[in-house]
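I opened the notebook to work through this structure one place at a time. Each entry says what I looked up and what I found.

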Amino acid sequence: MANSRSGETVTERVVRVLETFNADRTVQTTAEIGRRAMLPPSTAHRMVVELVECGLLDRDEEQRVRLGMRLWELALRGSRALRLRQAALPFMERVQARLREHTQLAVLENDETLFIERLSHGRAGANITRIAGRLPLHASSSGLVLLAHGPEELRERILAGRLEAVSPETMTDPKQLRRLLARIRHDGVVVAPGTIETVSTGVAVPVREGRGEVIAALSVVLPRDTPTGGAVKELRAAAAGISTAIAAQP
Ligand code: PHB
């Protein structure tokens, strides 16, 4: 791909433009995109025009820009996340119907927890996760499961890095975390009260590909002092069902 004068490829610039959008910033002007992507105004203008033309960005009547539906369509087509989500949904619906709390599915992506599905309930408690949203691996119940079962190299890198607290109760001591991760591998579940928000408890179990590798975490977010036994049972049954459904996928 041709390089710009700064040595950056066109692809790198396109990614930089797309990455200026996030869950809290879904609509921007071309000038804002240019500023955030650190591009000269004329380059930003040209790139936005081209990306709108090919449908990766959409522009409304007020000339404001958002991510295009075509981008969503391409991203989902044949993606592993979509296959996993399809296999998981009937089981997630069952968990959600029985517990009436937030039920979510997360995968490991670039050293973070990426939530690919979340079912909610009108009367369920607080929950800060969003579909396509991320949380640090050491903080949420899903992240802890993914970290516990992830490659050793990843675990060591995360434990040696900056372990920021999301809430006052997020575990940030590497020694304590290492012990917790070993316990999660042993127990096949984590109950994490207050590690994301003081008012809630995350409960998560691993989802395996067949009987092998852990490919996702299935979790529920409960109001802080809810008994967790029923949730653990439901999550385990659902995770086993998802593994079977994945194995049966063509
Ligand atoms: C969790 O998975 O631990 C979790 C996620 C979101 C919340 C609370 C807990 O809001």
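**Entry: G55**

I noted that the model is predicted.

Next I looked up its place in the fold. G55 sits in the loop between α3 (41-53) and β1. Which residues does G55 contact, leaving aside neighbours within four places in sequence? I listed G68, M69, R70 and L71. I then checked one of these partners, M69, by its C-alpha atom. G55 and M69 are 14 residues apart along the chain, and their C-alpha atoms are separated by 7.3 Å.

**Entry: L57**

I moved on to L57, which lies in strand β1 (residues 57-59). Its relative accessibility is 0%. L57 therefore counts as buried.

I wrote down what L57 touches, not counting residues up to four places away in sequence. The list is V17, L18, F21, V48, L51, V52, V65, R66, L67 and G68.

How far is L57 from H102, by C-alpha atoms? The two C-alpha atoms are separated by 31 Å. Along the chain, L57 and H102 are 45 residues apart.

**Entry: the domains**

That separation made me look up the domains. The domain assignment gives domain 1 (10-75) and domain 2 (80-248). Taken over C-alpha atoms, the centres of domain 1 and domain 2 are 32 Å apart.

**Entry: E101 and H102**

I took these two together. E101 is in the loop between α5 (80-99) and β3 (102-109). H102 lies in strand β3.

Are they buried or exposed? E101 counts as buried, because its relative accessibility is 13%. H102 counts as buried too, at 4%.

I then compared their contact lists, leaving aside neighbours within four places in sequence. E101 is in contact with Q96, L119, H121, A124, G125, V221, L222 and P223. H102 is in contact with R118, L119, S120, A124, G125, A126, N127, S219, V220 and V221. L119, A124, G125 and V221 are found in both lists.

One partner of H102 needed a second look. The side chain of H102 makes a polar contact with the side chain of S120, at 3.1 Å.

**Entry: the ligand**

Which residues are around the ligand? I found Q104, N127, I128, T129, S140, S141, I196, E197, S200, G202 and V221. Two of these names, N127 and V221, I had already written down as contacts of H102.

- A polar backbone atom of I128 is 2.9 Å from a ligand oxygen.
- An N or O atom in the side chain of S141 is 2.7 Å from a ligand oxygen.
- A polar side-chain atom of E197 is 2.7 Å from a ligand oxygen.

I also checked how much of the ligand is covered. Taken alone, the ligand exposes 270 Å², and the protein buries 100% of that.

**Entry: the nonpolar cores**

I noted a general point first. In soluble globular proteins, nonpolar side chains tend to be buried together.

Here the largest nonpolar core has 27 residues. L84, L105, V203, L218, V220 and L235 have the most contacts inside it. Which elements each supply at least two residues of this core? They are α5, β3, β4 (112-119), β7 (200-208), β8 (214-223) and α9 (229-248). The largest share, 7 residues, comes from α9.

Not counting residues up to four places away in sequence, V203 touches S141, V189, V190, V191, L218, S219, V220, L222, T228, V232 and L235. S141 is also one of the residues around the ligand.

There is a second, separate core of 23 residues. It includes F115, L144, L154 and L159.

**Entry: the whole protein**

I ended with the overall numbers. The protein has 9 helices and 8 strands. Its C-alpha trace spans about 60 × 40 × 35 Å along the principal axes. Of its 250 residues, 43% are buried.

I also looked at contacts between residues at least 6 apart in sequence. Of these, 50% join residues at least 24 apart. The accessible surface comes to about 13,800 Å², and 53% of it belongs to carbon and sulfur atoms.

Definitions and conventions: Residues numbered from 1 in each chain as written. Predicted model: local features only at pLDDT ≥ 70, side-chain atom pairs only at ≥ 80, totals over all residues. Heavy atoms only, no water. Helix = DSSP H or I, 4+ residues; strand = E, 2+ residues; numbered from the N terminus. Buried < 20%, exposed > 50% of the residue type's maximum accessible area, 1.4 Å probe, protein only. Contact = heavy atoms within 4.5 Å. Domains from an automatic or database assignment. Near = heavy atom within 4 Å. Polar contact = N/O pair within 3.5 Å; in protein donor to acceptor, adjacent residues only side chain to side chain. Areas by Shrake-Rupley, 256 points an atom, 1.4 Å probe, with all protein chains shown as cover. Core = buried A, V, L, I, M, F, W, Y, C linked by side-chain atoms within 4.5 Å.
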